[in-house]
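Hi everyone, thanks for coming. Let me put the structure up, and then we can walk through its pockets and its salt bridges together.

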Amino acid sequence: EVTAACDHWLNAWEIVKQLATPGMRSVGDFDNFYSIMYAPIHDWSQDFEMELGNAARVDSKYHEIRLKFACEFNERFPEGFPHLTRMMMRAQGEALFELGRQAEAEAVFASAIDLFPKDAWSYIGWSDMYWLYAPKGSPKHHARAEELLLRAPPDEPHDWDVVLERLESLYEDWGKPDKRAAIATVLAL
């Protein structure tokens with residue numbers, strides 16, 4: 001019942017928007033003011049965004065709802081937690097791809113990389129849209145996905161491991177066993 005749950009959570013988001021004053025520029029500001037809440041907005045917003053993505057797999061109307069939520073969230077809370085901003089930008093890009101608005105999606109992912117150049121997850125999310133989560137009925141563009149993954153910065157070891165794992169899966173899906181084997185060797189080290 002992910003769609004029904006998201007509908008309830010959407011009502012909760014409307015309440016959050018009403019409770020948030022203009023001076024609350026981050027979810028930390030909101031959470032500090034409303035400290036009696038069961039779950040901080042910091043955590044709840046991440047769960048809600050993820051479940052909107054899951055709901056969209058069941059009912060495509062949730063792509064538009066996810067896009068709207070992610071945009072509103074970043075407008076409402078522009079400060080404080082860069083990882084939330086990055087996550088919501090990625091959600092916007094993914095939803096736009098799913099809605100067939102590729103040029104807008106490209107611009108969102110490019111903006112995320114401009115704002116957070118060392119964030120491998122922006123490259124991963126962008127790449128995924130070309131093959132792993134390519135919209136139904138669309139061809140996969142493995143070469144573009146590879147190009148984006150290879151641009152990801154290797155600054156964070158844990159994130160770089162995810163990039164390498166994605167490359168390994170990409171090469172397997174693409175039918176490039178030599179490239180897959182090379183990545184598997186690196187991962188085994």
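Let's begin with what lines the largest pocket: by class, 10 nonpolar, 7 polar and 10 charged residues. Please keep in mind as we go that this is a predicted model. The space in this pocket comes to about 730 Å³. Of its 27 lining residues, those closest to the centre are Gly-53, Arg-57, Arg-66, Glu-94 and Tyr-133.

Which helix gives the largest share of that lining? That would be α3, with 8 residues. If you want to find α3 on the screen, follow residues 41–58. At least two lining residues each come from α3, α4, α5 and α7, where α5 covers 82–98 and α7 covers 120–128.

Now hold on to two of those central names, Arg-66 and Glu-94. Both also belong to a network of salt bridges, whose other members are Glu-49, Arg-90, Asp-128 and Arg-166.

Next, the second largest pocket, with about 150 Å³ of space. Its lining divides into 6 nonpolar residues, 4 polar ones and 1 charged. Among the residues you can pick out there are Phe-97, Met-129, Tyr-130, His-141 and Arg-101.

Let's stay with Arg-101 for a moment, as there is a salt bridge between Arg-101 and Glu-104, with the closest N and O atoms 2.8 Å apart. Arg-101 counts as partly exposed at 29% relative accessibility, and Glu-104 is partly exposed too, at 39%.

How many salt bridges does a search of the whole structure find? The count is 18. One I'd like you to look at joins the side chains of Glu-72 and Lys-17, at 3.0 Å from N to O. Glu-72 sits in helix α4, residues 61–76, and Lys-17 in helix α1, residues 2–19, so this pair ties together parts that are 55 residues apart in sequence. Are these two partners buried or exposed? Buried means under 20% relative accessible area, and Glu-72 has 17%, while Lys-17 has 16%, so both count as buried.

For another setting, find Arg-180 and Glu-172, a salt bridge whose closest N and O atoms are 3.2 Å apart. Here Glu-172 is exposed, with a relative accessible area of 52%, and Arg-180 is partly exposed at 30%.

Terms used:
Residues numbered from 1 in each chain as written. Predicted model: local features only at pLDDT ≥ 70, side-chain atom pairs only at ≥ 80, totals over all residues. Heavy atoms only, no water. Salt bridge = Lys/Arg side-chain N within 4 Å of Asp/Glu carboxyl O. Helix = DSSP H or I, 4+ residues; strand = E, 2+ residues; numbered from the N terminus. Buried < 20%, exposed > 50% of the residue type's maximum accessible area, 1.4 Å probe, protein only. 1 Å grid on protein atoms, 1.4 Å probe; cavity = no way out; pocket = protein on both sides within 12 Å on 5 of 7 lines; lining within 4 Å. Points joined across faces, edges and corners; volume = space filled by probe spheres on them. Nonpolar A, V, L, I, M, F, W, Y, C, P; charged D, E, K, R; others polar.
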